[in-house]
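Me: I am new to reading protein structures. Could you walk me through a few features of this one?

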Amino acid sequence: MSYKCIYNGTIITMNENREIMESGAVVINGTEILEIGTTSELLNKYDYDEKIDAKNGIIMPGFINGHCHVSMSVFRSLGEDIPDRLTRYMFPLEDMLVDEILVNIGAKLSIAEMLLGGVTTFVDMYYFEAEVARAAKELGMRAIAGETILEKIAPDTNVPYGGIEYATKFIEKWKDDELIIPAFAPHATYTNDEEHLIEIKELSQKYNVPILMHISEMTFEMEGFKEKYDMTPVQYLDKIGFLCDKVIGAHLVYTNEEDMDILHKNDVGVIHNVAANAKSGRKVAPVPKMLEKKVKVGLGTDGPMSGNHQDIINVLDQYTKIQKVAANNNKICPAIEAVELGTIGGARAIKLDNIIGSIEAGKKADIIIIETNTPNIQPIYDYYSAITYAAYPHNVVMTMVNGKVVMKDRKLLTGDLDKIIADVKGMQKKIKEVALELERKAK
Ligand SMILES: [Zn+2]
């Protein structure tokens, strides 16, 4: 096997005891972490193929972006602040423009951004998800890739719920991949009916794959379920028998305590997209209460039209600050909690904590180095504070996924970043023409 050693850094393990090891070293054997110890113990213990000097920086598990739509990076900064943006602008824009090429190019831009910012796993929902999977595989990133399913026609299908057929074929092709976990992604509670949700649940159990879904995100969604069923969307999904440990719900902004008990009972993972929700002017999801009730919560960026960054370091900072503002209480959501949600908490929410989320022997080697030699992050008395409040994505200087170094010294090693950006720019003229027309109609 091939041995690698990352040494000479402070290891933020995120293991159960939240151990921090100064002058630490991590030994990687193939795709897995073999051993953790001090640099003096481990640096000469094996015959290494590669030694990576962390130069007194932070060695920590890669971040997990639990909810995004990576290909929408090609639309970033379009149509900001338009009322009813989703239905009047984003859906029509996608119907007119989204094809396999756009999905692949957009995915590569976001994946490059994430790898440069220390994200090692992302959870995606979009159309032509096989192209997202191909892009992630090519750039060496771990992903859960969910094919969107809607009651209407979509860019990848001419029939309502055509996403189910696409997803099934996609899952059959990719289900044994070591980096990509294919999934079903019924878009939302208000765009899928009971019959199809149950069909999707049964298929997810047959193939043993996750189900990704937007839940309790919109005010019209909450009002609609109240009026039609006198229930919240979570109560409705529980009543029809849809909720289970396969479900990873995004947002859950409008969630009451009864909903939280239901989510916990069914072991549903929750992804909190604080920046996207803030930008949309929504309420702040009651994450502290969810954590108190032992709901598994991770962090996400949401899509590049909503988020707009695709890295998690920015989200850590936003998470604690926005929650503190919402509660008018600076005692909640400490920095360590933000780092937990961005790493091991996210891994729990997406049910991959057996393989990722912490630096522990036997886990997959998804590891990053954050350099600490720049003004914005010096001095460090508290590592969790430094990571949450002081670090920027550009402080990440090494990203390893599945034992492979995919970014080093701010250079993407698995793809041609100049070409990725040139490809995105090459689509701009056509996108702008369509967008201008839609903006005229939307106003
Ligand atoms: Zn979303």
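Me: Which side-chain oxygen reaches the backbone nitrogen of Glu258 at the start of α9?

Reply: First, some background: this is a predicted model, where local features need pLDDT of at least 70 and side-chain atom pairs pLDDT 80 or more, while totals for chains, interfaces and linings use all residues. Residues are numbered from 1 along each chain, and side-chain values use heavy atoms, without hydrogens and water. Helices are DSSP runs (H or I, at least four residues), as are strands (E, at least two), numbered from the N terminus. Here, a side-chain oxygen of Asn256 comes to within 3.1 Å of that nitrogen of Glu258.

Me: Which residues of α9 are buried?

Reply: Buried means under 20% relative accessible area (1.4 Å probe, protein chains only). In α9, residues 257–265, these are Asp259, Met260, Ile262 and Leu263. Down the axis of α9, they fall within an arc of 160 degrees (taken from the directions from the axis to the C-beta atoms), so they line one face of the helix.

Me: What covers them?

Reply: Cover here rests on contact, meaning heavy atoms within 4.5 Å. Among the elements covering them are α8 (233–239), β12 (269–272) and α11 (287–292).

Me: What comes after α9, with a positive phi?

Reply: Asp267 follows α9, and its phi is near 55 degrees.

Me: By class, how many residues of each kind line the largest pocket?

Reply: A pocket is an open set of points on a 1 Å grid over the protein atoms alone, where a 1.4 Å probe fits, with protein on both sides within 12 Å along at least five of seven lines; lining residues have an atom within 4 Å of a point. Its lining has 14 nonpolar (Ala, Val, Leu, Ile, Met, Phe, Trp, Tyr, Cys, Pro), nine charged (Asp, Glu, Lys, Arg) and eleven polar residues (the others, Gly among them). Helix α2 gives the most, six residues.

Technical notes:
Buried < 20%, exposed > 50% of the residue type's maximum accessible area, 1.4 Å probe, protein only. Polar contact = N/O pair within 3.5 Å; in protein donor to acceptor, adjacent residues only side chain to side chain.
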